Amino acid sequence: MSSPPSQKRARADSCHSFGHDDHHAGGAEALRLTGPDGQTKRYDDEHGIVRKRTNIENVVLDREVAAHEIAEALPKEITTVPKVDLFVPEALKDAIFVGHVVTDLDSVGGAIGAAALYGGTAALASEVNSETAFALEEWGMEKPLTIEEALKKNPNAKICLVDHQQTSQMNPNINPDNVVGVIDHHALQSKTIVTDRPIYIDIRPWGSMSTIIAHTFMTHQRRPSNKVAGMLLCAILSDTLNLQGPTTTEWDRLMVAVLSEIAEVDDIQFLATQQFKAKSKELAGLSAHGLVNGDQKSFSFKTEKFEGDIGFAVVETTDDAVIIDRLDDLLPEIVACKKEKELSSLFLAVVNIVSLKGTLLLCGPTELSLAKAAFADCKVTNEGSTLMDLGKRVSRKKDYIPAITQAIKGGWSKPMNRGKSVVDIASLGKLEVDPLDPHQRAVRKGSALEPKAGEHFKVVG
């Protein structure tokens with residue numbers, strides 16, 4: 001199977017600059033395009049625009065030495081021979097590894113990784129979503145059999161549950177008596193599986209079940225194949241919201257760096273962005289936090305009248321109305337993210353990739369003022385002044401950032417009225433993940449910015 005274009009760009013662009021093996025834990029492209037201050041990344045050479053390195057780029061670059069050393073220490077040959085001083089659960093050999101229903105990338109990637117690690121078969125509890133389909137194609141992996149197909153071949157097969165342990169999330173075709181193992185990262189809640197005999201259990205409070213599998217590969221001195229490493233990498237990025245979710249741990253960050261090295265990823269941000277675009281095709285699986293943070297970049301400016309960082313997030317979709325209908329959910333999250341990341345301004349553009357139409361979400365007076373300066377011919381379309389019709393402008397790189405740069409360099413300054421951005425950061429609530437949510441969405445709870453019943457979010461001033 002030939003590599004899709006996105007894989008070639010994510011994995012090969014910078015090889016000519018650093019040598020074939022210097023992937024810098026996924027940060028090679030960020031290093032190749034380093035800005036003049038050594039901390040930014042060249043974004044648009046034609047207009048002289050640089051952007052701040054993203055969180056995920058900083059994460060892998062901070063850990064590239066450790067990641068390289070760990071990857072180099074693993075055997076070059078892919079082997080299934082375990083070390084005798086480490087416990088390898090014999091019960092998992094030849095088992096079927098299967099995730100939860102309403103299956104996601106962590107369930108599928110983790111099952112594929114576990115099957116490769118312990119010597120079994122990966123299976124699907126339900127049909128894959130658009131993000132998982134992207135990862136399978138990206139890494140040239142065949143889609144696993146459904147659990148129904150696998151059990152048809154072997155009705156009494158041993159089963160290892162991955163990414164869940166509640167019977168309410170199990171595929172109904174699974175016989176609980178045949179479950180021999182659980183590998184998971186969720187809390188033990190009601191309806192946790194009960195067995196008549198001891199089984200293998202590996203539950204760790206990490207951001208992704210695939211992090212557990214990757215870590216076990218490392219501790220057992222086993223090198224996952226390029227494809228398996230890539231699937232585990234994408235799964236961790238998915239479950240941790242590109243390492244920005246509330247459940248992210250240091251183990252997740254380290255494994256992302258190591259797996260990027262093994263999978264020969266040069267541009268971790270490009271891979272994360274492409275994956276988010278695939279995920280955005282199914283909007284039901286994304287919370288407001290996921291939409292605002294999924295594909296967000298920030299740019300630093302310094303002029304006589306303004307100094308600060310401007311954030312710009314983009315959601316590409318075939319149905320922009322579905323996103324815009326969530327305006328009262330999205331705008332408070334944009335303000336919260338702006339405060340938490342200490343940005344001067346934060347925009348979210350919703351791009352309809354079918355009609356090639358852009359809509360800009362405005363969370364406050366600063367955003368409204370800058371948008372009017374940058375897109376002078378565009379109209380605010382709602383009473384609350386929170387939406388601007390961008391017309392056929394659909395590209396952050398070609399349409400949005402150059403216009404904002406020109407407006408700032410042309411003398412724009414922040415208005416005195418900051419609207420709801422003056423809210424104290426302590427009143428923004430906390431991000432929580434409902435363990436019973438099949439999509440594992442991070443949702444903000446207890447925020448002072450949540451509109452009251454019957455009210456709509458408005459730009460003040």
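Q: Before we look at the rings, when does a charge count as sitting over one?
A: A charge sits over a ring if NZ of Lys or CZ of Arg is within 6 Å of the ring centre and within 35 degrees of the ring normal. In this structure, which is a predicted model, the charged end of Lys397 sits over the ring of Tyr43, at 5.7 Å from the centre of that ring.

Q: OK, and how many aromatic pairs are there?
A: The count comes to eight aromatic pairs. One of the pairs is Phe97 with Tyr118, whose ring centres are 6.2 Å apart and whose planes lie at 15°, so this pair is stacked.

Q: Where in the chain do Phe97 and Tyr118 sit?
A: Phe97 belongs to strand 3 (residues 96-98) and Tyr118 to helix 6 (residues 105-118), so to speak of the pair is to speak of a link between distant parts of the chain, 21 residues apart. Both Phe97 and Tyr118 are buried.

Q: What else does Tyr118 pair with?
A: Tyr118 also forms an aromatic pair with Tyr200, and this one is edge-to-face, with 6.3 Å from centre to centre and 65° between the planes. Because Tyr118 lies in helix 6 and Tyr200 in strand 8 (residues 200-203), the pair ties together parts that are 82 residues apart in sequence.

Q: Is Tyr200 buried or exposed?
A: Tyr200 is buried, with a relative accessible area of 18%, and Tyr118, at 10% relative accessibility, counts as buried too.

Q: Which residues make up the aromatic cluster with Phe312?
A: Phe312 forms one aromatic cluster with Phe347, Phe375 and Tyr400.

Q: Switching to strands, which way do strand 11 and strand 12 pair, parallel or antiparallel?
A: Strand 11 (residues 345-352) pairs with strand 12 in the antiparallel sense, over five bridges, and Asn352 stands opposite Lys357 of strand 12. The hairpin of these strands has four residues between them, and Leu356 takes a positive phi near 50° there.

Q: What about strand 12 and strand 14, how many bridges?
A: Strand 12 and strand 14 (residues 387-391) are paired over four bridges, in the antiparallel sense, with Thr359 standing opposite Asp389 in strand 14. Strand 12 itself (residues 357-361) is mostly covered, since four of its five residues are buried.

Conventions. Residues numbered from 1 in each chain as written. Predicted model: local features only at pLDDT ≥ 70, side-chain atom pairs only at ≥ 80, totals over all residues. Heavy atoms only, no water. Phe/Tyr/Trp six-rings, centres within 6.5 Å; stacked < 30°, edge-to-face > 60°. Helix = DSSP H or I, 4+ residues; strand = E, 2+ residues; numbered from the N terminus. Buried < 20%, exposed > 50% of the residue type's maximum accessible area, 1.4 Å probe, protein only. Pairing = 2+ DSSP bridges.
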